[in-house]
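Let's walk through this structure together, one group of side chains at a time. Keep the viewer open as you read, and turn the model to each place as we come to it.

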Amino acid sequence: MPNPCDTKPSSCPSGPTRREFLIRTSALGAASALPVSLLSESTLAATPKKGGRVRIAVRTSFESLDPRIGGAEGGNLVNQMSHNNLVEIDADGQATPELAETWEVSPDAKKWVFKLRKGIEFHNGKALDSKDVVASIKYHSKGSGGARVIVDQIKKISADGKHTVIFKLKEGNADFAFLLSDLRLVIAPAGTKGKAWQKAIGTGAYVLREWNGVRVFATRNPNYWKEGRGHFDEVEMFVISDQMASSNALRAGQVDVVQGVDLKTVDLLKQTPGIQVVEVSGSSHVTFPMRTDKPPFDNNDVRLALKHAIDREALIKSIKHGHA
């Protein structure tokens, strides 16, 4: 069901809830694993305690933190802990304001007006304003990055004062707010481009301290504007691309969390004392595109035949080992 904020010109409520960090990491893989002590039922029910360092093994390198570069999964993960979006998707799958405080949409869904939160600062002390949002979104209008398809539907984006951003779309889109939560559309200070992204200056919960292609180290942002977020004092991420090696590192206590465990051996990992496997449903799906303007796919009966010929349960069982 679409968010009412996306279909009628009314202000969306403030008070956003951000996805837990595991949802961010699981979006890049089917499952994550971590010690039970880090995420047990009793821990989830208790009030989180601040402090400590979490060590995370990820599958892809941190070769670039530029969100406009395609395939930079590791870089996108770093940007998500150091930046925020205009909009986020909450645990219920609904679009909710993040750096935006409210938004209004015209009846034809072509004009979107976002009001920004006040008093938010970047890691370098600069106050967030509408020019930062405009520049960050426009940055994706060039190049071949994954967010280009989203930005291309914008006819005009402009700042109306320091805390209002106006989007005018080429065509109406009731889901536009959802699209602004794309992990590449993070907001950085105006003028950030190219190598400047490597500093990861954002408004997020963690400040980047060290970075190279295989390791990232960040510390908690003492001025983070979101209450109840950013509990670890330090975050350390390593690249361990081999799934068996990352699982072994988890068993040996060398890391606390691994992203994307081997589906063939995930059941064995579940049986390991002290380790818990956490699965989060994502939005990824596989499609079979067809040229419906050319035979034989211009015939709907052919398309339906292909649809019914696919044994989805067999694919889930044989290829995804039940984890889909």
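Let's begin at V286, which sits in the loop between β13 (275–279) and α10 (300–309); helices (H or I, at least four residues) and strands (E, at least two) are DSSP runs, numbered from the N terminus. A word on the ground rules: this is a predicted model, in which local features need pLDDT of at least 70 and side-chain atom pairs count only at pLDDT 80 or more, while totals for chains, interfaces and linings use all residues. Residues are numbered from 1 along each chain as its sequence is written, and side-chain values use heavy atoms, with hydrogens and water left out.

Is V286 buried or exposed? V286 counts as exposed because its relative accessibility is 74%. The cut-offs are under 20% relative accessible area for buried, over 50% for exposed, and partly exposed in between (1.4 Å probe, protein chains only). Together with F288, I310, L315 and I319, V286 forms a nonpolar patch on the surface, with about 510 Å² of accessible area in total. Patches are made of residues with over 30% relative accessible area and no salt bridge, where like charges are joined within 9 Å and nonpolar side chains (Val, Leu, Ile, Met, Phe, Trp, Tyr) within 5 Å. The areas come from the Shrake-Rupley method with a 1.4 Å probe, and for residues only the protein chains shown count as cover.

While you are at this loop, look for P296, which is also found between β13 and α10. The peptide bond leading from P295 to P296 is cis, with omega near 0°.

Now turn to a charged part of the surface. K110, K111, K138, K155, K156 and K168 form a positive patch there. For the charges, Lys and Arg count as positive and Asp and Glu as negative, while His and the chain ends are not counted; the place of a charge is taken as NZ of Lys, CZ of Arg, CG of Asp or CD of Glu. One of these lysines, K168, belongs to strand β8 (residues 164–169), and its 40% relative accessibility is why K168 counts as partly exposed.

Next come the aromatic side chains. Rings of Phe, Tyr and Trp (its six-membered ring) pair if their centres lie within 6.5 Å; planes under 30 degrees apart count as stacked, over 60 as edge-to-face and the rest as tilted. By this rule the model has 7 aromatic pairs. One of them joins Y139 and W197 in a tilted arrangement, 5.8 Å from centre to centre with 40° between the planes. Y139 lies in the loop between α5 (130–138) and α6 (148–151) and W197 in the loop between α7 (176–179) and β9 (206–211), so this pair ties together parts that are 58 residues apart in sequence. Both partners are buried: Y139 has 10% relative accessibility, and W197 has a relative accessible area of 1%. The rings of Y224 and W225 have centres 6.0 Å apart and planes at 65°, so that pair is edge-to-face. Here Y224 is buried at 14% relative accessible area, whereas W225 is partly exposed at 23%. Elsewhere, W103, W112, F114, F167 and F176 make up one aromatic cluster.

A109, in the loop between β5 (100–105) and β6 (111–116), has a phi near 60°, a positive value in a residue other than glycine. A200, in the loop between α7 and β9, also has a positive phi, near 55°. A109 is buried, with a relative accessible area of 8%, and A200 is buried as well, at 1%.

Finally, the salt bridges. A salt bridge is a side-chain nitrogen of Lys or Arg within 4 Å of a carboxyl oxygen of Asp or Glu, and this rule gives 14 of them. In one, R53 meets E236 at 2.9 Å, N to O. That pair links distant parts of the chain, with R53 in strand β2 (residues 53–58) and E236 in strand β11 (residues 234–239), 183 residues apart. R53 is partly exposed at 37% relative accessibility, while E236 is buried at 7%. In another bridge, the closest N and O atoms of E210 and R215 are 2.7 Å apart. Salt bridges that share partners join R53, E210, R215, E234 and E236 into one network.
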